[in-house]
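Open the structure in your viewer and keep the selection tool ready.

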Amino acid sequence: MNERVKRTVAPILLLVTLFAIWELGARVAHVPGYILPPPSRIVATFVLRFGLLWFHSVTTFAEIVFGLLLGSAAGFLLAAAVVYVPVLEWAFHPLIIASQMVPVFAIAPLLIVWLGYGLWPKVVVAALIGFFPIVINGVDGLRSANRETIDLFRSLGASRWQVFVKLRLPGSLPALFSGWKIAATLSVVGATIGEWIGASRGLGFLMLQSNALLRVDVVFAAILALTLVGLLLFGIVRIIERWALRWRRRVAG
Amino acid sequence: MRQERTERGILEAVGLSVSFPSKPGRTEVLSDVSFAMERGTWTTCLGPSGCGKTTLLRVLVGLIELDRGRITVGDSVEPRANAMAYLPQQDTLLPWRSALHNAVLSSEIARHPRAESLSEARSLFARFGLSEAERLYPNQLSGGMRQRVAVIRTYLAHRDILLLDEPLGALDTLTRTTLQGWLLDVWRELGKTVLLVTHDVEEALLLSDRVLVFSPRPALVRARIEPTLARPRSRTAPDFVTQKETLLELLTGEGI
């Protein structure tokens with residue numbers, strides 16, 4: 001077996017083994033379905049209740065996407081401001097770090113108070129949580145332009161705007177995409193938390209509701225759907241990254 | 001040979017002095033450097049590493065302020081930066097742009113019409129052996145190819161004087177030799193005035209109409225040599241070897 005095949009097969013094998021143990025354990029020990037349903041039951045629920053899961057997934061997906069966009073825009077603007085105006089960095093840096101010490105759980109109820117039960121509090125929670133990696137990576141990325149290249153631009157009479165658009169911005173993309181991949185993952189958590197605090201739809205809402213009804217199989221099916229939503233999002237970011245950073249690949253074409 | 005030239009050329013630098021802040025006081029980097037260049041000629045600054053040759057180029061393009069001295073380009077003192085295109089020593093190709101789009105960066109910054117710049121760059125690529133490189137990204141190019149693209153980019157700034165800071169410094173000997181010939185072709189065909197910085201005696205002798213020999217820091221012009229060699233020059237010609245000896249002696253200070 002070559003390396004590539006091994007790399008694909010190994011995680012699948014591990015997953016299958018774990019699920020087999022779970023399946024066997026649940027059946028042999030006669031664990032009730034409202035405590036730990038076997039994987040086969042979860043898959044069956046996932047298929048049978050697909051319409052319901054789809055309905056709630058769309059909401060959660062939309063919250064995450066809007067949250068990510070909002071968090072990215074705010075994060076990138078702040079990163080650019082900080083790079084160009086040093087005093088802003090001194091002003092914001094401690095606050096940004098401190099803001100990360102405040103659990104999102106603590107803020108989410110306030111957002112419900114301020115923004116209501118609709119889409120927006122979840123979008124804001126997802127944005128808040130994705131904001132941090134974008135700022136940090138954005139600042140690093142925008143600063144990555146080297147001195148000599150900046151001098152070259154200056155010697156050519158480039159304006160500050162040209163230096164930003166033609167040098168700093170494209171140079172920041174590798175770091176920004178690293179940030180986006182982290183943010184995409186974290187935003188899933190953000191949106192779910194938002195839905196737990198108060199919602200009438202979305203996978204987080206479905207989980208809480210099913211949990212209260214002891215429909216643990218639906219909770220698991222929702223977790224599975226949430227995982228797929230997260231993976232889909234991560235995949236989309238990866239595809240955009242591969243396109244935007246195609247110059248990194250060594251082979252022509 | 002060491003007499004001051006006073007004839008007016010395309011560029012005249014008189015008494016350039018530059019110092020940087022240091023502990024304590026200031027360190028002098030350029031000390032009373034004077035020279036002149038005539039239109040279409042090739043001048044080389046030859047000096048030991050770290051002597052301040054790069055500082056000289058950065059002064060000329062206006063990246064560093066002068067303590068004292070005067071730079072005249074053509075008939076005007078300012079704005080001189082518009083007369084010069086600078087090629088920094090380190091690799092400054094933008095990795096996310098193809099070779100062709102790297103080459104048009106300078107004209108793009110000057111807001112030249114895009115289509116026009118691209119077609120001009122294409123024809124230069126074809127003329128100077130870079131056609132296959134057009135669509136490749138810098139990380140797909142060899143060191144020699146990258147430097148060629150960088151030189152074409154410098155040319156496409158459409159300025160009269162090209163300032164080249166050790167453009168062949170990071171290359172292996174073979175590529176370096178090839179590119180020296182290539183640089184001469186470009187210079188001859190495009191008719192620009194060139195100021196090259198190098199610490200390679202042979203390179204200076206092979207390419208230049210005039211060599212300015214710099215002392216170690218603080219740099220001052222120790223000698224001005226005009227190689228009396230017919231072009232194309234050969235490294236093995238007896239005259240070449242003799243003049244190389246002279247230059248080496250000047251460089252190491254033994255000739256003074």
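Two strands pair if DSSP finds at least two bridges between them. Helices (H or I, at least four residues) and strands (E, at least two) are DSSP runs, numbered from the N terminus. This is a predicted model: local features need pLDDT of at least 70, side-chain atom pairs count only at pLDDT 80 or more, and totals for chains, interfaces and linings use all residues. Residues are numbered from 1 along each chain as its sequence is written, and chains are lettered from A in the order in which they are written.

**Stop 1: the sheet**

Select β1, β2 and β4 of chain B. They form an open sheet in the order β2-β1-β4, with antiparallel pairing. Which strands stand at the edges? They are β2 (26–37) and β4 (68–73) of chain B; each has a single partner strand, so one side of each is left without a neighbour in the sheet.

Now select β1 (11–21) of chain B. β1(B) pairs with β2(B) over eight bridges, in the antiparallel sense. Find B:A13; opposite stands B:F35 in β2(B).

**Stop 2: the helix across the sheet**

α1(B) lies across β1, β2 and β4 of chain B and runs at about 65° to β2(B). Axes are lines fitted to C-alpha atoms, for helices over the stretch in contact (C-beta atoms, placed from the backbone, within 7 Å). Angles run from 0 to 180 degrees between N-to-C directions.

**Stop 3: where the chains touch**

Show both chains. The contact takes 15 residues from chain A and 18 residues from chain B. On chain A, select α7 (147–155) and α8 (160–197), the elements that give two or more residues to the side touching chain B. α7(A) gives the most to that side, with seven residues.

Methods. Two residues are in contact if their C-beta atoms, placed from the backbone, lie within 7 Å.
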